[in-house]
Amino acid sequence: MSETVKRYFDAFNAGDVDGMLACLSEDVAHHVNEGQIRVGREKFAEFCAHMNRCYKEHLTDMVIFEATEDHGGGTRAAAEFIVNGTYLETDAGLPQAHGQTYRLPAGSFFSLRDGQITRVTTFYNLADWVKQVSNG
């Protein structure tokens, strides 16, 4: 199942939203960092459109972990990475955007079923991000 997660992140780095969506189940639950849970591919696509308008991001230093057989093997995975980004357009409730760059450690957690991602939960330190773009 880590192949599915790798394809998901490869698509992210390529800016290929359709490729990301192809890795997701129809009823995917997207747990947004400090946000609401969005259910379904359509909601995920809307989120991606918003993110691509406000941010340009590339993930590096990726490490993907998969649960072992005796701990839900093949059904759960996680990834740790660095988000290298540019803040393109002001996002509601956040500092003004003027092309600031940021570098932020983050992690994502996944549930998988039948080779598709059924849950994506992403975490990063929002206060660190705000500090970086406020000083940029």
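Is arginine 41 buried, partly exposed or exposed, and what is its relative accessibility? In this predicted model, arginine 41 counts as partly exposed, because its relative accessibility of 23% falls between the limits of under 20% for buried and over 50% for exposed.

**Salt bridges and the parts they join**

| Pair | N to O distance |
|---|---|
| arginine 41 and glutamate 26 | 2.9 Å |
| arginine 113 and aspartate 27 | 3.4 Å |
| arginine 53 and glutamate 89 | 3.2 Å |

The side chain of arginine 41 meets that of glutamate 26 in a salt bridge; because arginine 41 belongs to helix H3 (residues 41-54) and glutamate 26 to strand S1 (residues 24-31), the pair ties together parts that are 15 residues apart in sequence. Glutamate 26 counts as exposed, with a relative accessibility of 54%.

Strand S1 also contains aspartate 27, whose partner in a salt bridge is arginine 113; since arginine 113 lies in strand S5 (residues 101-113), this pair ties together parts that are 86 residues apart in sequence. Aspartate 27 is partly exposed at 43% relative accessibility, and arginine 113 is likewise partly exposed at 43%.

Helix H3 also contains arginine 53, which forms a salt bridge with glutamate 89; as glutamate 89 is placed in the loop between strand S4 (76-87) and S5, the two residues tie together parts that are 36 residues apart in sequence. Glutamate 89 counts as partly exposed at 35% relative accessibility, and arginine 53 is partly exposed with a relative accessible area of 42%.

Key:
Residues are numbered from 1 along each chain as its sequence is written. This is a predicted model: local features need pLDDT of at least 70, side-chain atom pairs count only at pLDDT 80 or more; totals for chains, interfaces and linings use all residues. Side-chain values use heavy atoms; hydrogens and water are left out. A salt bridge is a side-chain nitrogen of Lys or Arg within 4 Å of a carboxyl oxygen of Asp or Glu. Helices (H or I, at least four residues) and strands (E, at least two) are DSSP runs, numbered from the N terminus. Buried means under 20% relative accessible area, exposed over 50%, partly exposed in between (1.4 Å probe, protein chains only).
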